[in-house]
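Have the model open while you go through it.

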Amino acid sequence: ALLVVRHDTLIYEYYANQFKPEDHHISWSMSKSVISALIGIAISEGKIKSIEEKVTDYLPEFRGTGYDQVRIKDVLQMSSGVGFNEDYGDFNSDINVMGRYFALGMPMAEFAKRLKRAREPGTYNLYVSIDTQVLGMILTKATGQSITNYMSEKLWSQIGAESDAYWIVDKTGMEFALGGLNVTARDYAKIGQLFLDS
């Protein structure tokens with residue numbers, strides 16, 4: 001799908017390979033920006049007090065893991081210090097093991113708990129997809145809602161979305177926060193417009 005929006009107006013729309021405007025497309029890592037926005041909303045509502053708070057303030061079960069005492073700020077900035085190999089060409093990399101783990105429906109929280117610290121948090125930026133999964137877990141704990149419900153209430157109902165969004169989930173019902181959002185192309189454009197206007 002290719003859409004062009006100019007001055008808040010959709011001026012061009014094209015679909016190939018038999019896709020249609022009502023079809024949903026998986027977002028993969030664009031999901032990370034939606035989770036970041038939802039964290040911002042939760043902060044503005046006081047559900048998360050500060051990005052200086054620690055992961056373990058919300059997820060005490062992460063004590064003793066790579067995320068123990070790591071600030072939310074560092075997770076948002078992908079400087080958590082957690083060791084994570086995101087080499088998609090390496091069959092045994094963390095990202096590929098995680099993908100197989102998720103494909104079996106295994107709980108993403110359990111995978112995240114296995115990770116160890118490799119660097120001092122806040123000192124080195126490294127693209128670590130699982131950081132966003134941890135943010136999603138913090139969001140659900142802080143708001144008392146699923147990512148799906150919180151997003152529907154605080155974001156989706158506010159941007160004039162044309163279609164429902166949905167997330168792929170693990171066996172526990174936890175959304176695949178780092179890449180599992182499915183949305184129509186028109187609604188992706190609405191998210192993009194929101195970010196442009198913010």
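What follows goes from the whole chain down to a few of its parts.

## Before you start

This is a predicted model, where local features need pLDDT of at least 70 and side-chain atom pairs count only at pLDDT 80 or more, while totals for chains, interfaces and linings use all residues. Residues are numbered from 1 along each chain as its sequence is written, and side-chain values use heavy atoms, with hydrogens and water left out.

## The whole chain

The chain has eight helices and five strands. Here helices (H or I, at least four residues) and strands (E, at least two) are DSSP runs, numbered from the N terminus. Going along the sequence, you'd read β-β-β-α-α-α-α-α-α-α-β-β-α.

Of the 198 residues, 43% are buried; buried means under 20% relative accessible area, exposed over 50%, and partly exposed in between (1.4 Å probe, protein chains only).

Strand β5 (residues 181-184) is covered on both faces. L181 and V183 are buried on one side, and N182 and T184 are buried on the other.

β5 pairs antiparallel with β3 (residues 24-26) over three bridges, and H25 has V183 as its bridge partner. β5 also pairs antiparallel with β4 (residues 166-167), this time over two bridges, with Y166 opposite N182. Two strands count as paired if DSSP finds at least two bridges between them.

## Helix α4

In α4 (residues 94-103), the buried residues are I95, N96, M98, Y101 and F102. They pack against α5 (108-113) and α6 (129-143), with contact meaning heavy atoms within 4.5 Å. Just past α4, G105 has a positive phi of about 80 degrees.

## A nonpolar patch outside

On the surface, L2, V4, I11, Y12 and Y14 make up a nonpolar patch with about 470 Å² of accessible area together. Nonpolar side chains (Val, Leu, Ile, Met, Phe, Trp, Tyr) are joined within 5 Å, like charges within 9 Å. Areas come from the Shrake-Rupley method with a 1.4 Å probe, and for residues only the protein chains shown count as cover.

β1 (2-6) and β2 (9-14) each supply at least two of the patch residues, with β2 giving the largest share, three residues. V4 sits in β1 and counts as partly exposed because its relative accessibility is 32%.

Conventions: Patch = residues over 30% accessible without salt bridge, like charges linked within 9 Å, V, L, I, M, F, W, Y side chains within 5 Å. Salt bridge = Lys/Arg side-chain N within 4 Å of Asp/Glu carboxyl O.
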